[in-house]
Amino acid sequence: SLDICAYFDDNERFGPTGVIKPATGREDIKKWQKSVQTSMRMLTRPRYMKTALPEFMQQDGKDAFVKNHQMPPYEKADWKSDDLTMEQRWGFYEEALTKTEEHVEVLSKALQELEGMIYCEDY
């Protein structure tokens, strides 16, 4: 989280301070992030469940993640409601993996758009 980044950036015991520049608040970047939100969720969330992260070694940890991280087209409140079973939620995660090619294509095009928006005078 940004709080963690600030903690390390403000604390001399971790090295030079003030290295991380403040957020720019750029609306064009926010708009771009929103435009790739669905594809990012479809590509990343199901793959988290396939990784060997300590928090996902037990089924309960995986189920907690799935219950708390909705898949499109659901909004968080609808996803977390009792209207969906865990089996149904897992089904959306599995289905997302079958749509990889579609979302990689969307994200690849979006990254080309992003390239023209990002720059840094220092590097």
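**How the helices pack**

In this predicted model, helix H2, which covers residues 27–48, packs against H5 at an angle of about 120°, and the axes of the two helices lie 9 Å apart. Because angles from 65 to 115 degrees count as roughly perpendicular and those over 145 as roughly antiparallel, this angle makes H2 oblique to H5. The crossing in which H2 passes H5 is left-handed. On the side of H2 the contact is made by Met42, Arg45, Pro46 and Arg47, while H5 contributes Tyr93, Ala96 and Leu97. Sorted by class, this contact of H2 with H5 holds 5 nonpolar and 2 charged residues, with no polar ones.

H2 also packs against helix H6, which covers residues 100–115, and here the angle is about 150°, with 10 Å between the axes. Since an angle over 145 degrees counts as roughly antiparallel, H2 is roughly antiparallel to H6. H2 passes H6, too, in a left-handed crossing. Among the residues of H2 that take part are Ile29, Trp32, Val36 and Leu43, and those of H6 that they meet include Val104, Leu107, Ala110 and Leu111. By class, the contact of H2 with H6 has 12 nonpolar, 4 polar and 2 charged residues.

A further partner of H5 is helix H3, residues 59–68, whose axis comes within 10 Å of the axis of H5 and crosses it at roughly 75°. That angle makes H3 roughly perpendicular to H5. From H3, the residues Gln59, Lys62, Asp63, Phe65, Val66 and Lys67 make the contact, and from H5 they are joined by Met86, Arg89, Trp90 and Tyr93. This contact of H3 with H5 is made up of 5 nonpolar, 1 polar and 4 charged residues.

The protein has 6 helices and 0 strands, so that, read from the N terminus on, its elements run α-α-α-α-α-α. Its C-alpha trace spans about 50 × 35 × 25 Å along the principal axes. The radius of gyration is 18 Å, whereas a compact globule of 123 residues would have one near 14 Å.

How confident is the prediction in the protein? The mean pLDDT is 94, and 98% of the residues reach 70 or more. Confidence is lowest in helix H1, residues 2–10, with a mean of 93, and highest in helix H5, residues 86–98, with 98.

Terms used:
Residues numbered from 1 in each chain as written. Predicted model: local features only at pLDDT ≥ 70, side-chain atom pairs only at ≥ 80, totals over all residues. Heavy atoms only, no water. pLDDT = per-residue confidence, 0-100. Helix = DSSP H or I, 4+ residues; strand = E, 2+ residues; numbered from the N terminus. Axes fitted to C-alpha atoms, helices over the stretch in contact; angles between N-to-C directions. Parallel < 35°, antiparallel > 145°, perpendicular 65-115°, else oblique. Left-handed = near helix turned anticlockwise from the far one by under 90°. Contact = heavy atoms within 4.5 Å. Nonpolar A, V, L, I, M, F, W, Y, C, P; charged D, E, K, R; others polar. Rg over C-alpha atoms; globule rule 2.2 N^0.38 Å.
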